[in-house]
Amino acid sequence: MYKHRIEVQEENTVMPKAQSTKYAIQVVVGTAPINQSEDPYKLVHSPILASDSNEARKKLGYSDDWEKYTLCQSMKANEIFPVSPVIYINVLDPNKHKKENQEKNYDVSDHQVILEEEGILKKTVVIKDESDTTYQLGLDYMLTFSNEKLIVTLLSTSEAYNLKTIKVTSSSIDSSLVSQADIIGAQNIETMEETGLELIKRIRPKFGLHPALILAPGWSKYENVAAAMQAKCTEINGSFQSECLLDLDTTKARKYIECEALKKKSGYISEHAIVLYPCLLKDNKIYQYSAIAGALMSYYTVINNDIPFKSPSNKLLQVDGAVLEDGTEVCLDETQAEILNGSGIVTAINDDGWRMWGNNTACYPDNDQQKDRWIVCRRMFSFVRNYFINTYKKRLDDLTNLRVIDDIVNSFNIFGNSLKSTGGCAGLRMEYLDSDNSKEQLSAGHLTVRIYFAPYSPVEYILAIQKFDINAINAELTAQMQQEG
């Protein structure tokens with residue numbers, strides 16, 4: 001076909017593909033609008049793996065009311081920094097955290113009714129006509145969600161199709177009934193079922209993965225929850241380690257000078273904890289800092305070969321501002337931010353964009369050991385530990401002989417040299433020492449090796465000494481006078 005014109009073709013927007021990670025997996029504990037899901041009753045106290053935010057929304061539902069549904073802000077944050085997978089643990093129980101809605105009359109429009117109540121559970125909906133005839137789901141009507149509202153559509157194959165009014169009763173989930181104890185969780189001694197944070201131990205058996213970052217946006221600001229999160233960072237499944245992200249309560253520390261005292265009072269002291277202040281603002285939505293920081297830290301791990309050897313500090317947060325929970329603006333300069341950093345608190349500053357600012361874990365300044373105080377070093381020590389366990393667990397039950405021992409040591413040192421050559425560390429090596437391995441130990445099947453590791457510390461301070469160079473002035477003036485002469 002001959003063409004002499006201008007044409008425009010439209011294509012659907014392709015969302016950035018989430019980067020895949022093994023060593024920076026976020027585990028987010030909180031509440032979700034699970035009434036929107038296909039089977040809300042299966043989504044309680046069960047780790048849910050999502051490859052991206054769309055899958056998370058489909059499985060768990062989504063709402064912009066992040067105070068009620070705290071998991072949703074992490075879903076949104078992982079759209080800003082696309083990383084997969086993310087594991088969500090919902091503790092909102094539709095059998096426990098629910099309320100009964102009063103019967104209400106609705107006028108039918110175009111054979112449809114939009115129910116006003118929020119959080120309605122489909123299975124609880126009962127529809128009657130004025131004569132109290134009860135109609136059946138699937139036979140007389142269907143239920144669908146649109147923008148969090150439940151829509152009743154009367155089916156043309158039913159006598160209900162031409163009804164002008166209907167009476168509806170239902171039950172709704174009620175997130176206000178969720179408590180800190182639900183987030184912390186417990187293990188039932190009789191059934192051995194776990195809830196809340198206790199489910200972290202179920203992640204590896206279920207998915208073959210282990211947590212790298214534990215989050216509970218909206219909940220980690222509470223002392224009891226934070227204590228449980230810090231406790232869960234070590235000895236995961238008896239071996240693995242992770243870090244947790246703790247939000248400092250901005251309703252209790254409205255000024256930056258109040259943060260240090262609140263951090264101490266709240267018991268944020270673990271080398272595996274990263275304390276964050278204040279909240280963050282993007283597109284007029286207030287995020288708990290941990291939701292954004294978790295996605296950012298995971299993302300920058302992935303793009304660096306899934307190794308957390310670069311500090312998250314000074315990375316752009318992709319947000320519009322820093323605020324308290326009530327929306328009050330927080331704008332710290334570097335001197336004020338240094339006070340927080342010196343107290344072991346990570347904050348945000350605006351320097352050609354809002355940036356994560358701070359390198360110290362919660363243990364600082366009481367603990368200034370390099371491997372503990374620096375976020376990047378602590379994460380790298382956890383990474384190497386988890387890598388070693390993941391890689392060499394398959395060697396368990398091999399024969400205890402020198403060939404097996406040499407293979408473990410040599411292959412690990414190849415990995416260590418590779419990590420060093422790419423700038424991931426200053427040195428990483430393994431040694432087998434006879435003094436650590438007696439014949440009795442080896443005969444009992446116990447092998448000991450030593451790992452020597454030197455991750456880089458972050459450059460926190462650069463000093464440039466400036467001086468007036470009188471010699472340069474004198475030399476230049478002398479040269480000019482000679483030219484003129």
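Modeller: Two strands count as paired if DSSP finds at least two bridges between them. Keep that in mind as we go through this predicted model.

Colleague: Happy to. Which residue in β5 is the bridge partner of L49?

Modeller: I87 is the bridge partner of L49. The strands concerned are β3 (residues 47-50) and β5, which run antiparallel and are joined by 4 bridges.

Colleague: And how many bridges link β2 and β5?

Modeller: There are 5 bridges between β5 and strand β2 (residues 26-30), and here the pairing is parallel. As an example, look at V28, which stands opposite Y88 in β5.

Colleague: How should I read the two faces of a strand?

Modeller: In a regular strand, side chains alternate between the two faces of the sheet. Now take β5: V86, Y88 and N90 lie on one side, I87 and I89 on the other, and all of them are buried.

Colleague: Why is β5 described as largely enclosed by the rest of the structure?

Modeller: Because 5 of the 5 residues in this strand (residues 86-90) are buried, where buried means under 20% relative accessible area.

Colleague: What about a helix?

Modeller: An α-helix has 3.6 residues a turn, so residues three or four places apart point the same way. In α2, the buried residues are L71, C72, Q73, S74, M75, A77 and N78. That helix (residues 71-80) has 7 of its 10 residues buried, so the rest of the structure largely encloses it.

Colleague: Let's go on to the open sheet. What is the order of its 4 strands?

Modeller: The order is β6-β12-β8-β9, with antiparallel pairing. β6 (98-107) and β9 (134-135) stand at the edges with a single partner strand each, so one side of each has no neighbour in the sheet. Inside that order, β8 (residues 126-128) and β12 (residues 165-173) share 3 bridges in the antiparallel sense, and K128 stands opposite K167 in β12.

Colleague: Now the surface. Which residues form the negative patch?

Modeller: D333, E334, E338, D351, D352 and E460 form the negative surface patch. Of these, D352 sits in the loop between β19 (345-350) and β20 (354-357). D352 counts as exposed because its relative accessibility is 72%, and the cut-off for exposed is over 50%.

Colleague: Which residues make the nonpolar surface patch?

Modeller: F468, I470, I473 and L477 make that patch, of about 400 Å². L477 belongs to helix α13 (residues 470-484). With a relative accessible area of 45%, L477 is partly exposed.

Definitions and conventions
Residues are numbered from 1 along each chain as its sequence is written. This is a predicted model: local features need pLDDT of at least 70, side-chain atom pairs count only at pLDDT 80 or more; totals for chains, interfaces and linings use all residues. Side-chain values use heavy atoms; hydrogens and water are left out. Patches are made of residues with over 30% relative accessible area and no salt bridge: like charges are joined within 9 Å, nonpolar side chains (Val, Leu, Ile, Met, Phe, Trp, Tyr) within 5 Å. Accessible areas come from the Shrake-Rupley method with a 1.4 Å probe; for residues, only the protein chains shown count as cover. A salt bridge is a side-chain nitrogen of Lys or Arg within 4 Å of a carboxyl oxygen of Asp or Glu. Lys and Arg count as positive and Asp and Glu as negative; His and the chain ends are not counted. The place of a charge is taken as NZ of Lys, CZ of Arg, CG of Asp or CD of Glu. Helices (H or I, at least four residues) and strands (E, at least two) are DSSP runs, numbered from the N terminus. Buried means under 20% relative accessible area, exposed over 50%, partly exposed in between (1.4 Å probe, protein chains only).
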